[in-house]
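Subject: Structure handover

Hi there,

Here is the structure I promised to pass on to you. Could you open it alongside this email as you read?

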Amino acid sequence: MKTRTPQISSRSSAPKANQAGDESKPLQDGTIVTTDTNPASEPENALVSEASGRSVEGLILVATPIGNLGDVSRRALETLAAADIVACEDTRLTGRLLQRFAIKARVLAYQDHNAERSRPELLRLLAGGKSIALVTDAGTPTISDPGYKLVREAAAQGTPVTSVPGPAAPIVALSISGLPTDRFFFGGFLPTKQGERRRILEEVSGLRATLIFFEAPRRLAESLAVAAEILGPRDMAVARELTKRFEDVTRGRLEDLARHYAEIEPPKGEAVLLFGPPEQRDEISDAELDNMLTEALSRQKVKDAAKEIAAQTGLPRKTLYDRAVQLKDKTG
């Protein structure tokens, strides 16, 4: 099978993200953000002043930038300024965003580690008429974070739930990946344990859709190697540093990219992995497939036979491996 060198995208011309000062101290739950570090411009200050006289109600999910502060929307800033409380994953990160735009807010932490404890209090505040803007560290709330439980319970108690839409890393990555966008599956972060990671990839290997996952840089090469084994031949893309100065999208064949990342140092920044749908091949009957596997098994071990037929047919290697085991057991 011919291989193609992965196409490494050139650096994006995306403008450098505005960064709030790193010297700001971590905020505690309920802290009022009042710093002059990187103050907002006059138009931005006017926007915040104008918003402070407005009112919002209920639970509002507010999307925030995934890397470039220039992507924050006017409506997002107005909502953050008008809400009684801003609930967020990391009070320090959200505090910097608020500081950048001179927004004074009561900030409460709501994340995986304290969600079960904090959720009842947030629901009580909502029931009492307080408005809460829910944000995540970057992107759209409830996408790969615990916010959906708060949404579910707030709606159940009759609290209005609305959204201020904006960036979401899976959608941004998909839109520039060059892979099919009509059907896609987002699976969040791949599990850290190899057995669980393999199980997840096996479950989705046959989906006729683009598969999207998050992965940490130190596990990127290992996860791509496992994906190449389980998913079989297909196109893919690895997107990193989205919307930032050094945004990068690497496109190519899955097997080529797995080899590429195995040969280099782990890149910086979390990656978005996008696997194209299984490749369409001529329909192969069960009998034809069994014949192909039987012939391959006469020459090599089960694992190698499954790998060979996967390369020929584009079918998931795990599916072929399981069938090869059944055939081998029948023939003894």
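Below is what turned up, taken topic by topic.

A word on the ground rules. This is a predicted model, in which local features need pLDDT of at least 70 and side-chain atom pairs count only at pLDDT 80 or more, while totals for chains, interfaces and linings use all residues. Residues are numbered from 1 along each chain as its sequence is written, and side-chain values use heavy atoms, with hydrogens and water left out.

**The pockets**

Let me begin with the open spaces. A pocket here is an open set of points on a 1 Å grid over the protein atoms alone, where a 1.4 Å probe fits, with protein on both sides within 12 Å along at least five of seven lines; lining residues have an atom within 4 Å of a point. Grid points are joined across faces, edges and corners, and the volume is the space filled by probe spheres set on the points.

The largest pocket holds about 1200 Å³ of space. Its lining is made up of 37 residues, and those nearest the centre are P65, I66, G67, D137 and A138. Two or more lining residues come from each of α3 (91-100), α6 (169-177), β10 (235-240) and β12 (271-275). Helices (H or I, at least four residues) and strands (E, at least two) are DSSP runs, numbered from the N terminus. Of these elements, α3 provides the largest share of the lining, four residues.

Helices α8 (220-231), α9 (254-262) and α11 (302-313) each supply at least two of the lining residues, and α9 gives the most, with four. This lining divides into eight nonpolar, one polar and five charged residues.

**The strand β10**

Two strands count as paired if DSSP finds at least two bridges between them. R240 makes a handy landmark: it stands opposite D248 in β11 and opposite A271 in β12. Five of the six residues of β10 are buried, so the strand is largely enclosed by the rest of the structure. Buried means under 20% relative accessible area, exposed over 50%, and partly exposed in between (1.4 Å probe, protein chains only).

**Salt bridges**

Side chains of opposite charge can pair when their charged atoms come close. The structure holds 18 salt bridges, each one a side-chain nitrogen of Lys or Arg within 4 Å of a carboxyl oxygen of Asp or Glu.

- E78 and R74: the closest N and O atoms are 2.9 Å apart. Both residues lie in helix α2 (residues 74-82), four residues apart, about one turn of the helix. E78 is buried at 13% relative accessible area, whereas R74 is partly exposed at 48%.
- E153 and R119: this pair meets at 3.7 Å, N to O. E153 lies in helix α5 (residues 147-156) and R119 in helix α4 (residues 115-127), so the bridge ties together parts that are 34 residues apart in sequence. R119 is buried, at 4%, and E153 is partly exposed, at 30%.
- E196 and R199: here the N to O distance is 2.4 Å. The two are three residues apart in helix α7 (residues 194-204), so about one helical turn separates them. Both are partly exposed, E196 at 32% and R199 at 34%.

Salt bridges that share partners also join E116, R119, K149 and E153 into one network.

**One buried arginine**

Where does R219 lie? R219 is in the loop between β9 (210-215) and α8. This arginine is buried, with a relative accessible area of 12%. Leaving aside neighbours within four places in sequence, R219 is in contact (heavy atoms within 4.5 Å) with L190, T192 and R197.

Notes
Ala, Val, Leu, Ile, Met, Phe, Trp, Tyr, Cys and Pro count as nonpolar, Asp, Glu, Lys and Arg as charged, and the others, Gly among them, as polar.
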